[in-house]
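Here is a short briefing on one protein chain. Keep the sequence and the 3D view open as you read.

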Amino acid sequence: MVHRRELNGRVLTFGNEGGLYGNAMTWWDHETESLWSQPIAEALVGELAGQRLDLYPFALTTWGEWRGSYPDTLALGINTRLTRSGFNLDSMMVVVEIGEDIAAFPIPSLRADGPVNTAVDGVPVVIVMDDDRWNVFNRTVDGHVLTFEGRDDVLIDVESGTQWGIALGFGVSGELADHQLLRVPAFTIFPSEYDNFWPEGEIWAP
C-alpha cells in the first residue's frame, strides 16, 4: 500500500508501531504520536484520530519492465541479502475502494477467471493478474468504456482490438496504442482482515 503522508498541509513521518489492530499492522507518526491502522489508513488514537490518508495507485512489476517505460527512474540501492516474502499471494485478495463502495477479489479467482471487468461505486474497472503481479485499471478511455480479455500476457479490448501491457497499462499496438490506462488505487489483504475491517464489503465471485 502506498499512501500520501501529507495531511492538512503537514508532512508526516511514519514508523512501525509494532502492534496489531484487527490483526493488521499499525503505524505511528513522529509529529503527533498518533496511532494508525494500515489497511484503512486512519488514525485510531491521538491528535489526528479519525483522519485518513489518501491511497495512491502503484504498480507491482519488474525493474526491467519499469525501466523500459521510464528509463530515467532512480531507485534506492540497499546492500543487504535478498529475502523472499513469507506471504502466499494466493491466500490474499485484491481490494478496490472507491467512494463509499468497496469490493475484494480473491487472487485464485483472478488467476482462473481474469481479467475481471466490473465497476466499483460506478467506476468501470478491470482487475488483472499476471504471475505474481496484479493491477487495477480504469476501463474508460476517451469517454468510452472498454471490455478486456487476457491473451498471451497482454490485455486486448473488445471494442478496438488494441493490445495493452498488463504491467503498466500502456497501449502496445492497435487503434489506442498512444494511450495509457489510468491505474486505480488498490491493495492486497488477507480475507480475515477484510472481514474485520469491512464486514459488509462485497467479495467478488465468478
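Is Asp-142 buried or exposed? Asp-142 counts as exposed, because its relative accessibility is 56% and the cut-off for exposed is over 50%. Bear in mind that this is a predicted model. The chain holds three helices and 21 strands. Its radius of gyration is 18 Å, close to the 17 Å that the globule rule gives for 206 residues, so the chain is as compact as a globular protein of that length.

**The chain as a whole**

- Start with the dimensions: along its principal axes, the C-alpha trace spans about 50 × 45 × 35 Å.
- Of the 206 residues in the chain, 37% are buried.
- Now look at contacts between residues with a separation of 6 or more: 43% of them join residues 24 or more positions apart.
- The accessible surface comes to about 11700 Å². Carbon and sulfur atoms account for 48% of that surface.
- The chain carries 12 positive and 31 negative charges.

**Salt bridges**

- The count of salt bridges comes to five.
- Arg-4 counts as partly exposed, because its relative accessibility is 32%. Glu-6 also counts as partly exposed, at 35% relative accessibility.
- Another salt bridge pairs Asp-90 with Arg-111, at 2.6 Å from N to O. This pair links distant parts of the chain, 21 residues apart.
- Asp-90 sits in the loop between α1 (63-69) and β9 (93-98), while Arg-111 belongs to helix α2 (residues 107-113).
- Asp-90 is partly exposed, because its relative accessible area is 35%. Arg-111 is partly exposed too, with a relative accessible area of 36%.
- Asp-130 and Arg-133 form a salt bridge as well, at 2.4 Å from N to O. Here, both Asp-130 and Arg-133 are buried.

**Backbone features to look for**

- Most residues other than glycine have a negative phi, and most peptide bonds are trans. Keep that in mind for the next points.
- Glu-33 has a phi near 60°, a positive value in a residue other than glycine.
- Find Glu-33 in the loop between β5 (24-29) and β6 (35-37). Glu-33 is exposed, because its relative accessible area is 62%.
- Asp-142, from the opening question, has a positive phi near 50°. Its place is in the loop between β14 (140-141) and β15 (144-145).
- The peptide bond from Gly-114 to Pro-115 is cis, with omega near -5°. Pro-115 lies in the loop between α2 and β11 (116-120).

- Which residues does Ile-203 touch, not counting residues up to four places away in sequence? They are Met-93, Ala-104, Pro-106 and Tyr-194.
- Ile-203 is part of strand β21 (residues 202-203). Ile-203 counts as partly exposed, because its relative accessibility is 44%.
- Compare the position of Ile-203 with that of Gln-180: these residues are 23 residues apart in sequence. In space, they are 28 Å apart, C-alpha to C-alpha.
- Ala-119 has its place in strand β11. Ala-119 counts as partly exposed, because its relative accessibility is 43%.
- Leaving aside neighbours within four places in sequence, Ala-119 is in contact with Pro-124 and Val-125.
- Ala-119 and Arg-5 are 114 residues apart along the chain. Their C-alpha atoms are separated by 28 Å.

How values were computed
Residues numbered from 1 in each chain as written. Predicted model: local features only at pLDDT ≥ 70, side-chain atom pairs only at ≥ 80, totals over all residues. Heavy atoms only, no water. Salt bridge = Lys/Arg side-chain N within 4 Å of Asp/Glu carboxyl O. Buried < 20%, exposed > 50% of the residue type's maximum accessible area, 1.4 Å probe, protein only. Helix = DSSP H or I, 4+ residues; strand = E, 2+ residues; numbered from the N terminus. Rg over C-alpha atoms; globule rule 2.2 N^0.38 Å. Contact = heavy atoms within 4.5 Å. Areas by Shrake-Rupley, 256 points an atom, 1.4 Å probe, with all protein chains shown as cover. Lys, Arg positive; Asp, Glu negative; His and termini not counted. Charge placed at Lys NZ, Arg CZ, Asp CG, Glu CD.
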